[in-house]
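Here's a quick briefing to read with the model open next to you. Have a look at the chains first, then come back for the details.

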Amino acid sequence: MDCRKVQELLIRSDLREETDTILDPEVQGHLEVCPSCRTFYKEFFQTLVRPFKEAGPVQPPESVWLKIKAAIEKEPQKRPAAEVLLDRFKAAWDRILGIMPKPVLGGVGLAAVFLIAALLIYVPKGSLNGKAYLGDQMLYLMGVSSEDLEFQAETESLGTAIEVVFLD
Amino acid sequence: MPVEELSEDVLKLAAQGDMTAFRKIYEAVSGFVYSVALRMVRNTADAQEITQDVFLKIYHNLKNFQYRSSFKTWAYQITLNTTLNYCKRLARERNRRTDDSVLATQGVSPAVEERMEQLSREATVQSLLAILTPEQRACIVLREIENLSYEEMATVLRLNINTVRTRLKRARQRLIEYAKKGVAQHGL
């Protein structure tokens, strides 16, 4: 096994202690006879294993939690959409009540009821009559045209002599 | 409380807006969220901002969380996505703040000597991570510091497992080249 291959395998390995046994016996054997790779191995451990292994645990200061807690508490409470919608409707209704005096509001409400009732009663009725009228008109026109044609056929003779000769 | 011990009940209560339950989640995962963010952006102010963003996302999306999958992996996914997006935004803005506050919130040690050693170790880690791309950095942080498996990394980063291996290998090669050049002086 050459030095390049050994060093590549060392880089890929996950040593936790300098005394860890290298799993590959071939690499282990090479290290015993190759000073260059032994130096590389030492450097590898010093650079890559020891500093990170010795890196102490780090805790955030308490102020971080206090900021997170404050940010959460500052947020509006989340509620169901229907509840939010109902509240908005109530707020709008309160605003209307605030703007209009109650008698005016009652009058407006009554007028609105009459208007809706009138629309419901009269508009569909009128539209039905209109439809019936149109239907009658169509039938009439169709009837007129066919009668006219028959009438034409019966009455279009000019009564000339030549017609009498040829048609009779 | 370790993240693995978070019960489904706690997650459900938090999803309903129970702040006591949400605090339990925060205590279980804030360590790795902040740790990953800090190692990725190398700035405490940015890391704190990312941590806040991540927890607000967790809070708002808990009701959509599928309890079949691992909460830890899900939280890592949110953390990595938020952090990588933050890195991209920082790169665009070209308005990086100085890194002098990196270690301001490290665990306090009573012994000054120990504290100095800790600072030195953290400085070494930061100097090593600084030479990597954000994607390579994410791989190194997840593998070497957070000890995630390749499968977990592939899920968190939404990558093919072979892509994860390749990225990790390239990141390691880059770090070794950096060490060989003798640029890193902090205890290497």
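How many residues apart in helix H2 (residues 19–41) of chain B are Glu27(B) and Arg23(B)? They sit four residues apart, so about one helical turn separates them. Keep in mind that this is a predicted model.

**Overall make-up**
- Chain A has seven helices and zero strands, while chain B comes to eight helices and zero strands.
- Of the 168 residues in chain A, 18% count as buried; for the 188 residues of chain B, the figure is 51%.
- Chain A exposes about 13,000 Å², with carbon and sulfur atoms supplying 65% of that.
- For chain B, the accessible surface is about 9,100 Å², and 47% of it belongs to carbon and sulfur atoms.
- Taking contacts with a separation of 6 or more, residues 24 or more positions apart make up 53% of them in chain A and 66% in chain B.

**Salt bridges**
- Over all chains, the whole structure has six salt bridges.
- Glu27(B) and Arg23(B) pair up at 2.9 Å, N to O.
- Glu27(B) is partly exposed at 45% relative accessible area, and Arg23(B) is partly exposed at 21%.
- These two residues also belong to a salt-bridge network that takes in Glu62(A).
- Glu8(B) bridges to Lys12(B), with the closest N and O atoms 3.0 Å apart.
- Glu8(B) and Lys12(B) are four residues apart in helix H1 (residues 8–15) of chain B, so they too are separated by about one helical turn.
- Glu8(B) counts as partly exposed because its relative accessibility is 40%, and Lys12(B) does so at 37%.
- Glu144(B) meets Arg172(B) in a salt bridge, the closest N and O atoms being 2.8 Å apart.
- That pair links distant parts of the chain, 28 residues apart: Glu144(B) is in helix H6 (residues 134–145) and Arg172(B) in helix H8 (residues 161–180) of chain B.
- Both ends count as buried, with relative accessibility of 5% for Glu144(B) and 2% for Arg172(B).

**Helix H4 of chain B**
- At 1.5 Å a residue, the 23 residues of H4 (residues 71–93) should span 33 Å, and the end C-alpha atoms are 33 Å apart, so the two agree.
- Ser70(B) caps the N-terminal end of H4(B), with a side-chain oxygen 3.2 Å from the backbone nitrogen of Lys72(B).

**Surface patch on chain A**
- Phe89(A), Trp93(A), Ile96(A) and Leu97(A) make a nonpolar surface patch of about 400 Å².
- Phe89(A) lies in helix H5 (residues 81–99) of chain A and counts as exposed at 57% relative accessibility.

Key
Residues are numbered from 1 along each chain as its sequence is written. Chains are lettered from A and ligands numbered from 1 in the order in which they are written. This is a predicted model: local features need pLDDT of at least 70, side-chain atom pairs count only at pLDDT 80 or more; totals for chains, interfaces and linings use all residues. Side-chain values use heavy atoms; hydrogens and water are left out. Helices (H or I, at least four residues) and strands (E, at least two) are DSSP runs, numbered from the N terminus. The expected span of a helix is 1.5 Å times one less than its number of residues. A polar contact is a pair of N or O atoms within 3.5 Å; within protein, one must be able to donate a hydrogen and the other to accept it, and residues adjacent in sequence count only if both atoms are side-chain atoms. Patches are made of residues with over 30% relative accessible area and no salt bridge: like charges are joined within 9 Å, nonpolar side chains (Val, Leu, Ile, Met, Phe, Trp, Tyr) within 5 Å. Accessible areas come from the Shrake-Rupley method with a 1.4 Å probe; for residues, only the protein chains shown count as cover. A salt bridge is a side-chain nitrogen of Lys or Arg within 4 Å of a carboxyl oxygen of Asp or Glu. Buried means under 20% relative accessible area, exposed over 50%, partly exposed in between (1.4 Å probe, protein chains only). Contact means heavy atoms within 4.5 Å.
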